[in-house]
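Work through the following exercises on the structure shown below. Each task is followed by a solution in steps.

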Amino acid sequence: MVEQLNRIAELWWIWTVGMFWQVGLLIVIVACLDALVRKWAWPQIRYALWLLVLIKLVLPPDLHLPSSVSSKLPSMAAQAFNAQTSVPESERLVSFSIVEASTGTSVGMNAVTLPRRAVGLMDKDLAADPPVFASPPPPVKPSWQCYALALWCLGMLVLSTWLWGKLRGLRRGVSDASGNESLAASLDRLVPQCAEQLGLSRVPEVRLTRSILCPAVTGIFRPVLLMPVDFLSKLSPKSTEHMLLHEFAHIKRGDLYVHGVYMILQIIYWYNPLLWLVSRQMHHLREICCDATVAQHLKDRAMEYRQTLLDIAKRYVARSVEPGLGLLGLFEGSNRLVARLNCLKRGAGRYPRVRAGLAGGLVVLMVVCVLPMAQAQEEPVETESPTAEQSDLNVARQMEALAARLEVLEPQRQELKT
């Protein structure tokens, strides 16, 4: 049982190490590309780049393709390192084998029969030194990989329990919007209208809550819009429409599905600190993409939506309104608001088909050339097996060399006995 656990832990460790360095290398590559195209690329293209991290997390680390460019990076780095740390030929370690002095024939260890003289010497040695019976092997103990595997499972259990408790606590204190007559009257017309404008097949439910400060959507299969109590009392009907369009854009784009998958992967790979940074970057770009979707539907009124974001920022400039895991909200904080406003000013909602085509082409290119990071194993070169005559000749030569060697060592052995 312990041996099986050690084997499982060893395989898990090999998989973990492979995924760790491959995902880390991909994050570095994507971060560099994102920094290069940040000023002129559409946010959808940048978001597609960071989505590659999610794709990589579900691919096996031993995946390789002939078209991969990233798989050659480790070998290139190893060659460069070896070139810098190379030693002279005279200082290198070499391995020796027993060689007969006169013929230069190597003495192998696959001999079937030994000369009679050699057998006699071995018998004398065995008679002088009686055999020692081996003690039973010690019991197998869990390897350190087993303890690492247990720690990984414990981390997943703790994070899963924390997330489940947080989402369950969020459901407490949630009430139906129909209980507030003034709120229900203002939403009865706007909610179906905004859902129809974005082409949603189902009108999301609206629930009131005191757990968050800014509106947010949650739920994968049955999305629900969580509305903070008294939030709409300070918004005009036009700003309320902008808020609903933004939240419903998350549902239309499928952001809740992507966010749910990322939360599961983040729990599995909780030990990788880079993934927590990726989460923040993806959240920021996701909000910019939703802003672009809203601007695409508003068209000439996109600047009014920009003004709505500014008004909400003034209300929460000194407060943290991050919705947290499992929620996608309208406002993520004032520290990244400038980037969202600049994208709206540049017209991020134009040319949706061109953006979608470029983002899809970029993902395909990266999947083919970057994501497969494992090196293909070279096929072993088949060598011709020696014939029976050649094998007998090699054995005969080895026996002759061994007999000559024993004759040379016999006088020395007699001197040591005397």
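Of the 418 residues in the protein, 38% are buried, where buried means under 20% relative accessible area, exposed over 50% and partly exposed in between (1.4 Å probe, protein chains only). The model is predicted: local features need pLDDT of at least 70, side-chain atom pairs count only at pLDDT 80 or more, and totals for chains, interfaces and linings use all residues. Residues are numbered from 1 along each chain as its sequence is written, and side-chain values use heavy atoms, with hydrogens and water left out.

**Exercise 1. Confidence**

Task: State the mean pLDDT of the protein and find where confidence is lowest and where it is highest.

Solution. 
Step 1. pLDDT is the predictor's confidence in each residue, from 0 to 100. Its mean over the protein is 75, and 69% of the residues reach 70 or more.
Step 2. Helices (H or I, at least four residues) and strands (E, at least two) are DSSP runs, numbered from the N terminus; the protein has 13 helices and five strands. Confidence is lowest in helix α4 (residues 116-128), at a mean of 47, and highest in helix α8 (residues 255-268), at 91.
Step 3. Over residues 89-119 the pLDDT is below 50, and beyond near neighbours in sequence this stretch has 26 contacts in the model, a contact being heavy atoms within 4.5 Å. Where pLDDT is low, the predicted coordinates should not be read in detail.

**Exercise 2. Strand β4**

Task: Determine which strands pair with β4 and in which sense, and whether the faces of β4 are covered or uncovered.

Solution. 
Step 1. Two strands pair if DSSP finds at least two bridges between them. Strand β2 (residues 205-209) pairs with β4 in the parallel sense over five bridges; R207 has L226 of β4 as its bridge partner.
Step 2. The hairpin of β3 and β4 has five residues between the strands, and G219 in it takes a positive phi near 95 degrees.
Step 3. In a regular strand the side chains alternate between the two faces of the sheet. For β4, V224, L226 and P228 on one side and L225 and M227 on the other are all buried, so both faces are covered.
Step 4. Five of the five residues of β4 (residues 224-228) are buried, so the strand is largely enclosed by the rest of the structure.

**Exercise 3. Aromatic pairs**

Task: Count the aromatic pairs and classify the pair of W12 and W152 and that of W270 and Y271.

Solution. 
Step 1. Rings of Phe, Tyr and Trp (its six-membered ring) pair if their centres lie within 6.5 Å; planes under 30 degrees apart count as stacked, over 60 as edge-to-face and the rest as tilted. The count comes to eight aromatic pairs.
Step 2. W12 and W152 have 5.5 Å centre to centre and 35 degrees between the planes, a tilted pair. W12 lies in helix α1 (residues 2-37) and W152 in helix α5 (residues 144-171), so the pair ties together parts that are 140 residues apart in sequence. W12 is buried at 11% relative accessibility, and W152 is buried at 13%.
Step 3. The rings of W270 and Y271 have centres 6.2 Å apart and planes at 80 degrees, so this pair is edge-to-face. W270 is partly exposed at 25%, as is Y271 at 23%.
Step 4. Ring pairs link W12, W13, W15, F20, W144, W152, Y269, W270 and Y271 into a cluster.
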